[in-house]
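Biologist: I would like to learn how to read the features of a model like this one, taking them one at a time. Could you give me the general idea in each case and then turn to the example at hand?

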Amino acid sequence: MSTSTQSHNRVPGAPADDMAEGSLPAPEAATVHVTVLPAATLDLLAPAHGGRYIDGTLGGGGHTALLLARSAPDGRALGIDADPAALERVRQRMPEEVTSGRLVLRQGNFAEMAGLARAAGFDPVDGIVLDLGLSSDQLADRARGFSFAADAPLDMRFDFTRGQSAAELVNTLDEGELADLLYRYGEERRSRAIARRIVERRRSAPIARTGELAQLVQSVVHGRPGGIHPATRTFQALRIAVNDELASLEAALPAAVALLRPGGRLAVISFHSLEDRIVKRFFQAEERGCVCPPELPACVCGRSPTLRVLTRHPVTAEAVELAANPRARSAKLRVAERLAGEPAPPDG
Ligand SMILES: C[S@@+](CC[C@H](N)C(=O)[O-])C[C@H]1O[C@@H](n2cnc3c(N)ncnc32)[C@H](O)[C@@H]1O
């Protein structure tokens, strides 16, 4: 899962002065995010000149930059991110693409990509990429409260302009809800003990800071030498809940299929087994088409396949990439191509 990686790698060309050992980059500085599975994603999306693409998880702009380079001189991309800071960073990093109109930037949740794309004139498109989770830029920005490595307000919202922060969740959910959340999204085996300790602690004062939560978790979960930090799973679970990440993905997949032209491709990179399962099952269902119960002698639903899966098994990073970018270790890429069939109506 992306949260577990606290490495702040740099992209080629980023200035070196913000990377002194232990330092954090200035907000809005060059991205420190290293794009995951760049070659495989690009090869499978197969961008061509004149193509139209959507990057639903703009982040540091890595996949977008590659899509624009491969579709030069006239390919265009719509970059969407929930995080206003990501959009601002890319606006500064790629000013020519923005002013020339090759790159259009929109703030929003990728679950709403249908409306964003149509309003921006990106319908239909030739390719869509979703590279899920959080970026190293967000992890490195202390003020965002994603990292247990730096004490900061416990926030974790991708879109920090709206919604409930992690502190609000931690201080308002009841013990059972907290335990379920930590178990489901973090696969945290000590979820009940952590939830109990959280509820005990907040009786005296609300839990407001990452450092406080990390310490509290450490008092319950004892890490193993060389293992992950004891708070990793708790922070991952809270981030997924705060940003409603699984529901956003569930909403985005059919929206993406509806935006693709026949032959267009959808690439999804996930970092968590629950995300990968959602993508895998969605691709399988769209490839099958018919949703009639197997006992029916003939199809009555009338649904035809809308996708052809191009990655029978998910693509994962090879040793060279893993050595350069540890964040890639849990990345799984699945890609499918749009067929001519009509996508299912929203209610299935
Ligand atoms: C892993 S980063 C993407 C990195 C990017 N592919 C690159 O190579 O630079 C994921 C980004 O997606 C954004 N994000 C995550 N979930 C989102 C959602 N539901 N809607 C919009 N943006 C989202 C995060 O704010 C983050 O900036």
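Modeller: Let us begin with two aromatic residues, Phe148 and Phe235, both of which are buried, and bear in mind throughout that this is a predicted model.

Biologist: What do Phe148 and Phe235 form, and how are their planes set?

Modeller: A pair of aromatic rings is described by the distance of the centres and the angle of the planes. In this case Phe148 and Phe235 form an edge-to-face aromatic pair, with 5.4 Å from centre to centre and 90° between the planes. Phe148 belongs to the loop between helix H6 (136-140) and helix H7 (166-172), whereas Phe235 belongs to helix H11 (residues 232-242), so the pair ties together parts that are 87 residues apart in sequence.

Biologist: How far apart are the centres of the rings of Phe282 and Phe283, and at what angle are their planes?

Modeller: The ring centres of Phe282 and Phe283 are 6.4 Å apart and the planes stand at 55°, so this pair is tilted. Phe282 and Phe283 are both buried. The count of aromatic pairs, taking rings whose centres lie within 6.5 Å, comes to 3.

Biologist: Let us move to helix packing. At what angle do helix H8 and helix H9 pack, and how far apart are their axes?

Modeller: Helix H8 (residues 175-186) packs against helix H9 (residues 191-202) at an angle of about 135°, and the axes are 8 Å apart. That angle makes H8 oblique to H9, since only angles over 145 degrees would count as roughly antiparallel. The crossing of these two helices, H8 and H9, is right-handed.

Biologist: Which residues in H8 meet which residues in H9?

Modeller: From H8 the residues are Glu175, Leu178, Ala179, Asp180, Leu182 and Tyr183, and they meet Ser191, Arg192, Ile194, Ala195, Arg196, Ile198, Val199 and Arg202 in H9. Sorted by class, the contact of H8 with H9 has 8 nonpolar, 1 polar and 5 charged residues.

Biologist: Is Tyr183 buried or exposed, and which residues does Tyr183 touch beyond its sequence neighbours up to four places away?

Modeller: Tyr183, which is found in helix H8, has a relative accessible area of 52% and is therefore exposed, the cut-off for that word being over 50%. Leaving aside residues up to four places away in sequence, Tyr183 touches Glu188 and Ser191. The C-alpha atoms of Tyr183 and Ala237 are 7.9 Å apart in space, although these residues are 54 apart in sequence.

Biologist: What does the corresponding reading look like for Thr41, and is that residue buried or exposed?

Modeller: Thr41 lies in helix H1 (residues 38-45) and, with a relative accessible area of 1%, is buried. Again not counting residues up to four places away in sequence, Thr41 touches Val36, His63, Val129, Ala267, Ile269 and Leu333.

Biologist: Now the backbone, please. Which peptide bonds here are cis?

Modeller: Most residues other than glycine have a negative phi, and most peptide bonds are trans. Here the bond from Ala72 to Pro73 is cis, with omega near 5°, and Pro73 has its place in the loop between helix H2 (62-70) and strand E2 (76-81). The bond from Asp123 to Pro124 is also cis, with omega near 5°, and Pro124 sits in the loop between helix H5 (113-119) and strand E4 (125-131).

Biologist: Which residues have a positive phi although they are not glycine?

Modeller: Met156 has a positive phi of about 75° without being a glycine; this residue is found in the loop between H6 and H7 and, at a relative accessible area of 0%, is buried. Glu187, likewise not a glycine, has a positive phi of about 50°; Glu187 is found in the loop between H8 and H9 and counts as partly exposed at 43% relative accessibility.

Biologist: Finally, how many helices and strands are there in the protein, and what share of its residues is buried?

Modeller: The protein has 14 helices and 7 strands, and buried residues make up 51% of its 348 residues. Among the contacts between residues at least 6 apart in sequence, 70% join residues at least 24 apart.

Key:
Residues are numbered from 1 along each chain as its sequence is written. This is a predicted model: local features need pLDDT of at least 70, side-chain atom pairs count only at pLDDT 80 or more; totals for chains, interfaces and linings use all residues. Side-chain values use heavy atoms; hydrogens and water are left out. Axes are lines fitted to C-alpha atoms, for helices over the stretch in contact, and angles run from 0 to 180 degrees between N-to-C directions. Helices (H or I, at least four residues) and strands (E, at least two) are DSSP runs, numbered from the N terminus. Angles under 35 degrees count as roughly parallel, over 145 as roughly antiparallel, 65 to 115 as roughly perpendicular and the rest as oblique. A crossing is left-handed if the near helix is turned anticlockwise from the far one by less than a right angle, and right-handed if clockwise. Contact means heavy atoms within 4.5 Å. Ala, Val, Leu, Ile, Met, Phe, Trp, Tyr, Cys and Pro count as nonpolar, Asp, Glu, Lys and Arg as charged, and the others, Gly among them, as polar. Rings of Phe, Tyr and Trp (its six-membered ring) pair if their centres lie within 6.5 Å; planes under 30 degrees apart count as stacked, over 60 as edge-to-face and the rest as tilted. Buried means under 20% relative accessible area, exposed over 50%, partly exposed in between (1.4 Å probe, protein chains only).
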